[in-house]
Amino acid sequence: MGNKSHGLKCGWTLIAHKTFKVFSNDNAYIVIDEDSDVVMHFTVKESEFEVINNNWGISYKVIPGFKTIKFLNVPDEDDE
């Protein structure tokens, strides 16, 4: 599947496809896809995950007990 784990503030973890990139500023994060489109803008605090904005029908799961956010989408692969 090609997922990558990203450590976030306050012990949170983001698991997303390896082609996604994560950028942060304090406790705010922006995730972009392989086309440099913003997939999601969110914040984390000790016991809180808040989505500010998300695009193109991103599917995700939050597992609060493990402080984990998992993106379920897999980018389309080009047929070459």
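Entry 1, ground rules. This is a predicted model, in which local features need pLDDT of at least 70 and side-chain atom pairs count only at pLDDT 80 or more, while totals for chains, interfaces and linings use all residues. Residues are numbered from 1 along each chain as its sequence is written, and side-chain values use heavy atoms, with hydrogens and water left out.

I looked up the largest nonpolar core and found 15 residues, with Leu8, Leu14, Phe42, Val44, Ile69 and Phe71 having the most contacts inside it. Such a core is a set of buried Ala, Val, Leu, Ile, Met, Phe, Trp, Tyr and Cys residues joined through side-chain atoms within 4.5 Å, where buried means under 20% relative accessible area with a 1.4 Å probe, protein chains only. At least two residues of this core come from each of the strands S2 (13-17), S4 (28-32), S5 (38-45) and S8 (68-71), strands being DSSP runs of E with at least two residues, numbered from the N terminus. S5 gives the most, with four residues.

The backbone oxygen of Val44 lies 2.9 Å from a polar side-chain atom of Asn27.

Asn27 sits in the loop between strand S3 (21-25) and S4. These two strands run antiparallel and are joined by five bridges, and Phe23 has Ile30 in S4 as its bridge partner. Two residues lie between S3 and S4 in this hairpin, and Asp26 in the turn has a positive phi of about 60°.

How values were computed: Buried < 20%, exposed > 50% of the residue type's maximum accessible area, 1.4 Å probe, protein only. Polar contact = N/O pair within 3.5 Å; in protein donor to acceptor, adjacent residues only side chain to side chain. Pairing = 2+ DSSP bridges.
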